[in-house]
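Please keep the sequence and the model in view while reading.

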Amino acid sequence: MSGLATIRAAASYTPTFRIDAAAFEQAWGSFDAPGIESKAVPDADEDALTMATEAGRCALTAASIDGEAIVWLGWATTTPPIEAEALTPRLKSMLAIDNQTPSVSVTDSTRAGTQLLREAPADRTALVLVSDCPQGAPDDELGHAGGAGATAFVLAPDGHAPITEANSYESPKPGVRFRQPDETYDHGLDIGQYERSAFIDAIASASESITTADADAVAVQAPNGKRPYRVADTLGVDPARIKRVGTVHELGDTGAASVPLGLTRALAEDCSTIIGASFGGGVGADVLRIECTGAVPVIEATSTEGQLSYAAYLRRREAITTPTIDTGAAHVSVPTWQRSIPQRHRLIAGECPNCDALAFPPSGACPQCRTLVDYEPIDCWTSGTVETVTTINRGGAPPEFAAQQDQQGAFEVAIIALSIDGRSVSLPAQLTASAGVGARVKPVIRHIYTQEGVPRYGVKFQPASVQ
Amino acid sequence: MPEAYLVGAGQSDFGSFPDESYRSLFRTAYENAIDSVPNGLDPDLIDEAVIGTLGVGGRQLGLSGPAVTEHLGLHGIPCTRVENACAAGGYAVRQAAMAVKSGLADVVLAGGVEIMTDVSGDSVRFWLGVSGETEWERLSGTTFAGVYAQMARAHMDQYDTTTEQLSRVAVKNHSNGADNPHAQLGFECSLEDAENAPTVASPLNLYHCCPTSDGAACALIVSEDVVEQFTDEPIRIAGVGAASDSVGLFQRETYTSIPASQQAGADAYAMAGIEPTAVDFAEVHDCFEIAELLAYEDLGFCEPGDGGAMIDRGETARDGTLPVNTSGGLKSKGHPIGATGTGQVVEVFKQLTGAAGDRQLESPTYGLTHNVGGSGGAAVVHIFERERSTAGDRR
């Protein structure tokens with residue numbers, strides 16, 4: 001064996017909102033990201049962590065395994081929602097992966113996803129999550145190009161898509177793509193030929209020892225919709241093979257997820273020989289070759305909820321909103337929040353040992369028999385039904401949610417009934433999109449709010465109509 | 001059980017008063033209460049005080065009771081703060097009645113005070129949310145408007161209640177409040193105004209929500225041993241009922257009624273020995289207009305689900321068979337949280353003593369107050385009876 005991992009299943013997730021190039025042209029007089037027709041925009045409560053979780057859950061479903069089967073976790077992104085704090089412990093919690101499972105995250109360039117695929121263990125069941133939502137300044141090409149997306153791969157020796165060859169190349173060429181500490185926006189120096197040659201040379205060098213010309217599909221790093229085709233000659237492939245699995249035209253620049261999303265699309269299309277060629281600032285490149293021996297189960301969770309205006313896009317990307325003011329009362333401390341993590345991340349309710357009724361959260365006297373009991377944990381991560389719902393309009397939200405409301409406007413808060421074995425338990429939660437009383441909804445992980453600089457994540461519910 | 005009597009009650013104006021402090025507003029309410037006692041009441045006779053306040057803004061969260069009573073010169077008396085969210089004032093009245101009925105005190109001041117309009121919009125929203133279930137309900141993104149909106153949506157879904165019926169409650173209460181000089185929003189509103197207001201939390205719009213308010217209100221509760229010193233026409237606290245429930249709506253058995261109100265009402269009726277049909281008028285907790293319709297149903301004024309029809313028929317208007325919120329209610333009079341429950345008692349006192357001015361009802365005997373904390377985590381109901389016979393003939 002090559003020591004490289006084998007893909008057993010894959011999934012992708014992209015946010016439901018899109019913005020067209022035309023909206024930028026109307027706002028700026030031009031759209032500066034060539035080859036991009038539209039791009040995906042994360043909702044106000046989505047980020048690289050929530051997108052990774054959604055893709056991860058879908059990949060586990062595609063592989064027909066639970067999180068507990070995962071013995072190695074990797075996460076790649078260039079846009080972690082917080083820095084200098086490991087987020088893989090939260091990912092493991094959200095995906096029901098054992099706390100002690102080894103994990104790594106790579107965040108330093110748009111090569112991060114392919115680096116993880118190269119380095120993942122070949123002999124164990126592993127999960128690689130790649131998610132990104134890069135942003136540039138609103139008035140530059142990176143800002144116009146920045147999209148969003150996530151993909152996940154379950155790796156296992158019994159999979160049908162082995163990575164048969166992989167190679168990397170690195171060379172010190174600063175200034176192609178970077179971000180200052182404590183900044184939101186990626187930058188480039190916009191030195192055209194320097195950047196283009198850095199891109200082409202790195203991929204050419206990384207691909208030297210790998211056969212690429214016979215590939216059915218070639219996923220190439222796409223900072224815009226033109227750049228990937230510049231290596232078609234270098235790789236000896238028809239540009240149509242690149243376009244076949246390119247997501248940049250529809251989703252924009254998905255950063256670290258760019259090449260992995262293309263690989264997932266190629267697997268979904270049952271391509272047999274697949275090449276991935278990534279590039280990242282610094283600079284470096286990875287080239288992977290996958291030779292499928294059979295079909296790989298893939299779930300692509302991509303639905304389009306709606307088109308955003310340019311103003312709505314700026315609000316969602318926090319370009320024209322101000323942070324929440326913390327005025328202190330009714331504060332839920334981080335330790336208090338932490339104690340509810342099994343409920344926030346996995347909807348663990350309690351089962352009364354006395355009368356079998358369900359309780360959420362699982363503490364205090366049983367809601368049915370009123371006995372003070374110690375509950376048995378019970379997994380309630382399942383679709384539910386809206387019992388009642390309200391739309392919280394501007395000004396009607398608690399201040400913790402003022403920033404979210406600034407970004408996305410009115411939001412819906414419902415009481416959801418979850419039914420397990422004929423028993424029902426209810427909890428209050430936001431909906432990710434509009435739904436009426438009686439509607440079916442499924443749980444998803446979203447950013448709930450940030451306080452004292454600590455982003456907090458938990459369950460919201462997504463109407464079946466947008467799944 | 002010894003009886004307790006209401007011999008005086010008074011309030012400050014409810015509204016927004018940048019030049020007033022919580023102490024100055026309380027002083028106004030206290031002085032008006034003392035002045036309302038028919039035969040006068042020497043403050044030195046006050047044995048005890050119970051003060052309802054949530055403490056919005058946090059200005060004097062600890063010892064907020066003594067902070068006002070010492071300011072009034074009620075030096076040295078036992079004073080306790082009661083906090084039961086928006087029902088704090090009603091529970092202060094209940095505590096005062098208990099002190100009298102237990103024999104520990106003969107004259108008790110039950111007061112309430114709140115200042116809500118001197119903090120930023122973000123800050124007041126923080127404070128408005130402190131009485132909801134914090135960890136799950138609030139952090140699903142709701143304040144009380146949202147939780148009551150969820151109750152309204154469920155009620156509409158189950159009983160076909162309409163937003164127009166909610167608006168009719170607002171129109172009625174504004175009509176009453178327009179005749180109350182203490183009311184914060186003392187103006188009439190049309191059904192069209194109420195129907196077309198901006199949405200706060202659907203299906204509730206601005207006219208379906210009470211304002212935030214500054215204000216104070218006080219009631220004087222005395223024992224049967226001393227009542228004759230203060231009045232020749234005693235008002236007996238005939239019934240007291242109170243109950244609690246899960247703080248979060250999602251933890252309750254029903255979203256279309258408030259079980260704590262039902263229990264408190266049933267207990268108060270039982271103690272008073274009357275049926276709901278005997279009630280001549282009521283001050284109910286209409287923090288959001290769906291809450292008034294729920295109160296009709298929970299207090300037995302109509303069958304479950306018929307609240308909307310009851311307002312449609314005009315039964316709770318001032319000239320109806322059971323006038324509700326003749327003061328203007330929380331919607332028009334205002335809702336200074338800790339003062340609301342005692343403020344309801346002020347209206348009952350005025351109506352039962354013939355001092356309600358332009359909104360005076362014709363010779364009522366039984367007046368009911370209904371005060372709810374949060375979305376139903378606490379509720380308290382009092383039934384007051386004007387005794388028309390002499391004190392010696394008391395039941």
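In chain A, strand S1 (residues 6-14) lies antiparallel to strand S8 (residues 161-173), the two being joined by 2 bridges. Helices (H or I, at least four residues) and strands (E, at least two) are DSSP runs numbered from the N terminus, and two strands count as paired if DSSP finds at least two bridges between them. Within this pair, Thr6(A) stands opposite Pro162(A) of S8(A). S8(A) also pairs with strand S11 (residues 282-291) of chain A, again in the antiparallel sense, over 8 bridges; here Ala166(A) faces Leu288(A) in S11(A).

The model is predicted: local features need pLDDT of at least 70 and side-chain atom pairs count only at pLDDT 80 or more, whereas totals for chains, interfaces and linings use all residues. Residues are numbered from 1 along each chain as its sequence is written, and chains are lettered from A and ligands numbered from 1 in the order in which they are written.

Chain A also holds an open sheet of 3 strands in the order S15-S14-S16, with antiparallel pairing. Strand S15 (358-359) and strand S16 (376-379) of chain A are the edge strands, each with a single partner strand, so one side of each lacks a neighbour in the sheet. Strand S14 (residues 348-351) of chain A is linked to S15(A) by 2 antiparallel bridges, and Gly350(A) stands opposite Ala359(A).

In chain B, attention turns to strand S11 (residues 378-386). Strand S8 (residues 235-244) of chain B is joined to S11(B) by 9 bridges and runs antiparallel to it, with Ala243(B) opposite Ala379(B). Strand S10 (residues 366-373) of chain B pairs with S11(B) in the antiparallel sense over 8 bridges, and Gly367(B) has Phe384(B) as its bridge partner. S10(B) and S11(B) form a hairpin with 4 residues between them, and Gly374(B) in the turn has a positive phi of about 60°.

In S11(B), 9 of the 9 residues are buried, so the strand is largely enclosed by the rest of the structure. In a regular strand the side chains alternate between the two faces of the sheet. Ala378(B), Val380(B), His382(B), Phe384(B) and Arg386(B) point one way from S11(B), while Ala379(B), Val381(B), Ile383(B) and Glu385(B) point the other way.

For the complex, the predictor gives an ipTM of 0.89 and a pTM of 0.91.

Technical notes: A residue is buried if 20 or more other C-beta atoms lie within 10 Å of its own, exposed if 12 or fewer, and partly exposed in between; C-beta atoms are placed from the backbone.
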